Amino acid sequence: MILLDKPAGISSAAAVAGVKRSLGRRSATAGVRRAKAGHAGTLDPFATGLLLILVGRATRVQRFVLELPKTYSVVARFGAVSSTGDPEGEIVLTGVVPRGDLALPVGVVRQQPPAFSALKVSGQRAYRLAREGVAVELPEREVHVYRFEERWRSGERRGFEIECSSGTYVRSLIASLGDAYCEELRRLRIGPFDVGDADPSVVVGLDEALAFMPSVRVSGSEARLAAHGGSVAGSAAGFVRLVDEEGLIGIAEPGGSGVLRPVVVLRG
């Protein structure tokens, strides 16, 4: 895993492509075939901050990293609305600027993803359809907002810090506050990973990257069995790392009857 502080003005896919080119140069120098790469959570082009890039076999654990909660710093502009919920859309000034404290949504929140999102509709990205003028209406979803704090206010702008579940659209949260859009967005944290630790030259080992997940130690014949995808004795409340004296074997889930069933094997 690579922790990248994505700058504004590029897509998450472009950021991954840049890292792949860098890794390709290193691999070519070392005589190693270029590894595949992907990211664990999209950031819009206007947004900055932490992007987790998964390299090689780490791409196989993407879904586990995607589910981690995220923390954002937001600058909201009031008295205006945006067709996309951000600075890249069509901005219409309304002059409606709230006074005093706002009721900030916390807990389970139902929200409708914006039409300009990366979700797929009939196999196509919603934002592409929206740019072509096709009416896009995405179904509501439940998300969790763990923390929504106002940090400052100045004129028509207010700063917020939001901690939320995966799948939350911060643009939609800001739009729900009134005539407002998300002017600036920065991702500060994903689970235990902090943007302050971002360094594209450092590759975090997969066992360390998955340390947020509990581990179950196996040995001998059970370790060999797990490395071939076989179930082993054990119990857990959810997904766990299977490890032995050589390190990470894979990720397993409870399989019933006191066994753990590997769902991702990362050795071999």
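Strand β17 spans residues 247-256, and seven of its ten residues are buried, so β17 is largely enclosed by the rest of the structure. The model is a predicted one.

**Partners of β17**

Strand β16 covers residues 240-244 and pairs with β17 in the antiparallel sense, over five bridges. D244 stands opposite G247 in this pairing. Two residues lie between β16 and β17, which form a hairpin.

Strand β18, residues 259-265, runs antiparallel to β17, and six bridges join the two. Here G256 stands opposite V259. β17 and β18 also form a hairpin with two residues between them. S257 sits in that turn, with a positive phi of about 60°.

**Salt bridges**

The whole structure holds 20 salt bridges. Three of them are listed here.

| Pair | Closest N to O | Relative accessible area |
|---|---|---|
| R158 and E150 | 3.0 Å | R158 3%; E150 25% |
| D194 and R189 | 3.0 Å | D194 24%; R189 31% |

R267 lies in the segment after β18 and E246 in the loop between β16 and β17, so the pair ties together parts 21 residues apart in sequence.

Elsewhere, salt bridges with shared partners join R147, E149, R151, E161 and E163 into one network.

Conventions: Residues numbered from 1 in each chain as written. Predicted model: local features only at pLDDT ≥ 70, side-chain atom pairs only at ≥ 80, totals over all residues. Heavy atoms only, no water. Buried < 20%, exposed > 50% of the residue type's maximum accessible area, 1.4 Å probe, protein only. Helix = DSSP H or I, 4+ residues; strand = E, 2+ residues; numbered from the N terminus. Pairing = 2+ DSSP bridges. Salt bridge = Lys/Arg side-chain N within 4 Å of Asp/Glu carboxyl O.
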